[in-house]
Amino acid sequence: MGKDVIIACDFPSAAHALRFLEQFGDERPFVKIGMELFYSAGPNIVRSLKQRGHKVFLDLKLCDIPNTVGRSMRILRELGADMVNVHAYGTIKMMEAALEGLTRPDGTHPLLIAVTQLTSTDQQRMQNELLIDRPLEEVVLQYAANARAAGLDGVVCSPLESVAVHERCGSGFLTVTPGVRFAAAQPTDDQVRITTPANAKALGSDYIVVGRPITKAEDPVAAYHRCVEEFVG
Ligand code: C5P
């Protein structure tokens, strides 16, 4: 899989998601199913979007004891998603268990990505609420290195951190980056570490995950095409 734009389908039901995707006609964008849609529509939404020809990033951000995460990944691997994720915060042992659970008998597995620090978190919140005193970028890089040590394929991080992650973990280690907005004037919503699709490309992101700038646009298909043009070129 090469550079791509992933649309975050943060919708309250399968009907909403399917209605949204109908606007794309025969086009089959790479989509992300997060907790909201998965909890309302259930595992079948993954199967049905795969059947329609979409690539699917199942963004459930697992974080629990290694045994629970490993066993849950064993279930998720049957759904046919192309990419799944965990929180790196769960430690190397948990990420290793996740990878083991996700690996099929033939040794292949969907891409497994670790969330470093959410792109809605900033230095101050991390210090005051999580009691992590190190610079945010250092935390992101340590979590990325842990994910790599556990054998994962990459991390979710801010596009602003892609360069440093690739320097630390190698250019083949994927950076999947939310926190994308078209221009400074656009609402940032709850995101704080953000940039544009063009800049994400310049910074070496492998995938951008774009939600509200597409889903809430007056013309979502045009907004998606603009993202693809700027990011993939
Ligand atoms: O609407 P917006 O473009 O902000 O959506 C970004 C998407 O990426 C959301 O679905 C959010 O859950 C997800 N995400 C994120 N930051 C992370 C991991 C996932 O924003 N670190």
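Tutor: Ala222 is found in helix H11, which covers residues 220–231. Helices (DSSP runs of H or I, at least four residues) and strands (runs of E, at least two) are numbered from the N terminus. With a relative accessible area of 38%, Ala222 is partly exposed; under 20% a residue is called buried, over 50% exposed, and in between partly exposed, using a 1.4 Å probe and protein chains only. Ala222 and Ala150 are 72 residues apart along the chain, and their C-alpha atoms are separated by 39 Å.

Please keep in mind that this is a predicted model, where local features need pLDDT of at least 70 and side-chain atom pairs count only at pLDDT 80 or more, while totals for chains, interfaces and linings use all residues. Residues are numbered from 1 along each chain as its sequence is written, and side-chain values use heavy atoms, with hydrogens and water left out.

Now let's turn to the ligand. The space that the ligand takes is the largest pocket. A pocket here is an open set of points on a 1 Å grid over the protein atoms alone, where a 1.4 Å probe fits, with protein on both sides within 12 Å along at least five of seven lines; lining residues have an atom within 4 Å of a point. A molecule sits in a pocket if more than half of its atoms lie within 2 Å of its grid points. Strand S3 (56–62), strand S8 (207–210) and helix H10 (212–215) are the elements that give two or more residues to the shell around the ligand.

There are 17 residues around the ligand, and Asp10, Lys32, Thr119, Gln191 and Arg212 come nearest; a residue is near if one of its heavy atoms lies within 4 Å. By class, eight residues of this shell are nonpolar, three polar and six charged. Ala, Val, Leu, Ile, Met, Phe, Trp, Tyr, Cys and Pro count as nonpolar, Asp, Glu, Lys and Arg as charged, and the others, Gly among them, as polar.

Let's go through some distances. An N or O atom in the side chain of Asp10 is 2.7 Å from an oxygen atom of the ligand. For Arg212, a polar side-chain atom lies 2.7 Å from a ligand oxygen atom. Lys32 also has a side-chain N or O atom 2.7 Å from an oxygen atom of the ligand. The ligand taken alone exposes 470 Å², and the protein buries 88% of that; these areas come from the Shrake-Rupley method with a 1.4 Å probe, and for residues only the protein chains shown count as cover.

The side chain of Lys32 makes a polar contact with the side chain of Asp59, at 2.5 Å. A polar contact is a pair of N or O atoms within 3.5 Å; within protein, one must be able to donate a hydrogen and the other to accept it, and residues adjacent in sequence count only if both atoms are side-chain atoms.

Strand S3 also holds Lys61, which is partly exposed at 21% relative accessibility. Although Lys61 is not a glycine, its phi is positive, about 45 degrees. Most residues other than glycine have a negative phi.
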